[in-house]
Amino acid sequence: MDKRKRRHKVQFAGSGDHTLAGILEMPADTPRAYALYAHCFTCGKDVVAASRIARRLAAHGFAVLRFDFTGLGDSGGDFSESNFSSNVRDLVCAARYLREHHQPARLLVGHSFGGAAALAAAAQIPEARAIATIAAPADPQHVLGQFGSAVDTIRQRGQAELQLAGRPFTIRRQFLDDLDKHKMGYIHTLERPLLIYHSPQDRVVSIDEAAELYNRAAHPKSFISLDGADHLLTRREDANYVADTLAAWATRYLTGET
């Protein structure tokens with residue numbers, strides 16, 4: 001089958017009055033299960049890790065939806081008005097789209113800030129049978145480390161423009177206020193299998209965050225070290241390794257779930 005015919009652009013209603021854009025990667029045959037992928041902070045559905053992992057999972061028989069959060073990539077909305085809560089709501093909207101137009105998402109995958117969002121959204125996506133995080137922090141407040149001294153400016157002046165991943169982004173005080181509302185104690189009550197990926201060499205999110213996540217989670221839980229990988233999994237072999245091991249792990253929990 002033509003690979004282009006297995007890659008579908010989709011749109012669906014987001015958490016606000018705007019449309020979110022996504023790509024649904026389909027396997028050559030009937031999907032073993034549907035997965036929902038949440039990208040890292042300020043990235044997008046087309047960042048190399050998201051696209052490579054999604055395509056590799058499709059090669060293993062999974063259908064994977066990756067999409068741009070509010071105000072990023074091809075999605076509508078203003079990024080400066082988004083926050084962690086809106087990311088969680090966007091994930092719930094994406095799950096609703098799959099549920100209504102295809103099949104429910106049985107697997108949730110989140111990278112970095114998207115990993116924290118996936119964990120937070122899990123309670124509102126009960127069909128998900130398994131969850132995996134990649135280079136995720138134990139708490140969403142960790143992202144403030146990327147803002148440096150601008151945090152004080154944002155709190156005092158109401159907003160500031162930051163250079164994140166080489167691009168300018170406006171961060172408003174509401175983003176910080178929203179983070180203050182979120183605590184990740186619910187990780188202990190996921191009641192679903194959790195797989196945690198992290199690199200010991202990650203310079204953006206310390207592997208200590210993975211240890212904290214692991215300690216908070218209840219069994220069944222697993223950890224896979226991405227030794228030598230960077231935070232964004234820019235090497236193809238690292239993204240492929242995640243997808244290959246994830247497919248094997250998820251199959252244990254998704255067998256018979258379609």
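Trainee: How many disulfides does the structure hold?

Mentor: First, a heads-up: this is a predicted model, where local features need pLDDT of at least 70, side-chain atom pairs count only at pLDDT 80 or more, and totals for chains, interfaces and linings use all residues. Residues are numbered from 1 along each chain as its sequence is written, and side-chain values use heavy atoms, with hydrogens and water left out. A disulfide means a pair of cysteine sulfur atoms within 2.5 Å. With that rule, the structure's count is one.

Trainee: Which cysteine forms a disulfide with cysteine 40?

Mentor: Look for a sulfur atom 2.3 Å from the one in cysteine 40. The link has -90° about its S-S bond, which makes it left-handed. The partner is cysteine 43.

Trainee: Is cysteine 43 buried or exposed?

Mentor: Let's set the scale: buried is under 20% relative accessible area, exposed is over 50%, and partly exposed is in between (1.4 Å probe, protein chains only). Cysteine 40 has 3% and is buried. Cysteine 43 has a relative accessible area of 17%, so that cysteine counts as buried.

Trainee: Where does threonine 42 lie?

Mentor: Helices (H or I, at least four residues) and strands (E, at least two) are DSSP runs, numbered from the N terminus. Threonine 42 is buried at 3% relative accessible area, and its phi is near 60°, a positive value in a residue other than glycine. You'll find threonine 42 in the loop between strand S3 (33-38) and H1.

Trainee: About how much space lies in the largest cavity?

Mentor: On a 1 Å grid over the protein atoms alone, a cavity is a set of points where a 1.4 Å probe fits but cannot get out, while a pocket is an open set with protein on both sides within 12 Å along at least five of seven lines; lining residues have an atom within 4 Å of a point. Grid points are joined across faces, edges and corners, and the volume is the space filled by probe spheres set on the points. The lining of the largest cavity includes His39, Cys40, Phe41 and Thr42. Its space is about 70 Å³.

Trainee: How many charged residues does the lining of the largest cavity have?

Mentor: For the classes, Ala, Val, Leu, Ile, Met, Phe, Trp, Tyr, Cys and Pro count as nonpolar, Asp, Glu, Lys and Arg as charged, and the others, Gly among them, as polar. This lining has seven nonpolar and five polar residues. The charged count is none.

Trainee: Which proline lines the second largest cavity?

Mentor: That cavity holds about 50 Å³ of space. Its lining also includes Phe41, Ser112, Phe113 and His142.

Trainee: Which histidine does proline 137 touch?

Mentor: Proline 137 sits in the loop between strand S6 (130-134) and helix H4 (150-157) and is buried at 3% relative accessible area. Contact means heavy atoms within 4.5 Å. Leaving out residues up to four places away in sequence, the residues it touches include Ser112, Phe113, Val205 and the histidine you want, His142.

Trainee: What is the volume of the largest pocket?

Mentor: This pocket is lined by 13 residues, with Arg6, Met26, Arg55, Ala58 and Ala59 nearest its centre. By class, the lining has five nonpolar, two polar and six charged residues. The volume is about 210 Å³.

Trainee: Which residue does a cis peptide bond join to histidine 219?

Mentor: The omega of this bond is about 5°. The residue lies in the loop between helix H6 (207-216) and strand S10 (221-225). It's proline 220.
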